[in-house]
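Have the sequence and the 3D view ready as you read.

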Amino acid sequence: MAVLVLGELGRNGTSRFGQLRQALAGVSEKMLTQTLRTLERDGLVSRTVYPEVPPHVEYELTALARRYGNR
């Protein structure tokens with residue numbers, strides 16, 4: 001699952017949760033949330049929250065993930 005998320009972010013750059021969920025058809029919201037949290041904890045994905053109503057959250061690859069993705 002993590003490879004799919006990393007691949008999608010690598011292709012499209014910054015994405016919102018809904019965009020990722022749509023691109024990864026068939027993946028449950030719970031599984032995507034858990035995967036994004038794990039990738040963020042491991043330093044491969046960064047999460048940016050914009051203080052808007054409704055909240056706007058974007059995910060993108062960190063420099064570490066981009067460095068390993070280009071090997």
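Predicted model: local features only at pLDDT ≥ 70, side-chain atom pairs only at ≥ 80, totals over all residues.

Residues are numbered from 1 along each chain as its sequence is written, and side-chain values use heavy atoms, with hydrogens and water left out.

**The sheet**

Helices (H or I, at least four residues) and strands (E, at least two) are DSSP runs, numbered from the N terminus. Two strands pair if DSSP finds at least two bridges between them. Three strands make up an open, antiparallel sheet in the order S1-S3-S2. S1 (15-16) and S2 are at the edges with a single partner strand each, so one side of each has no neighbour in the sheet. S2 and S3 form a hairpin, with five residues between them. Here are the two pairings side by side:

| Strand pair | Bridges | Opposite residues |
|---|---|---|
| S2 (residues 45-50) and S3 (residues 56-61) | six bridges | Arg47 and Tyr59 |
| S1 and S3 | two bridges | Ser15 and Tyr59 |

**The helix and the core**

Helix H1 (residues 2-12) lies across S1, S2 and S3, at about 95° to S3; axes are lines fitted to C-alpha atoms, for helices over the stretch in contact, and angles run from 0 to 180 degrees between N-to-C directions.

A nonpolar core is a set of buried Ala, Val, Leu, Ile, Met, Phe, Trp, Tyr and Cys residues joined through side-chain atoms within 4.5 Å. Buried means under 20% relative accessible area, exposed over 50%, and partly exposed in between (1.4 Å probe, protein chains only). The largest nonpolar core here has 13 residues, and Val5, Leu9, Val45 and Tyr59 are among those with the most contacts inside it. H1, helix H3 (29-41) and S3 each supply at least two residues of this core. In soluble globular proteins, nonpolar side chains tend to be buried together.

Is Thr35 buried or exposed? Thr35, in helix H3, is buried, because its relative accessible area is 7%. Leaving aside neighbours within four places in sequence, Thr35 is in contact (heavy atoms within 4.5 Å) with Met1, Ala2 and Val5.

Asp42 sits in the loop between H3 and S2 and counts as partly exposed, because its relative accessibility is 41%. From Asp42 to Val53 is 11 residues in sequence and 29 Å in space, C-alpha to C-alpha.
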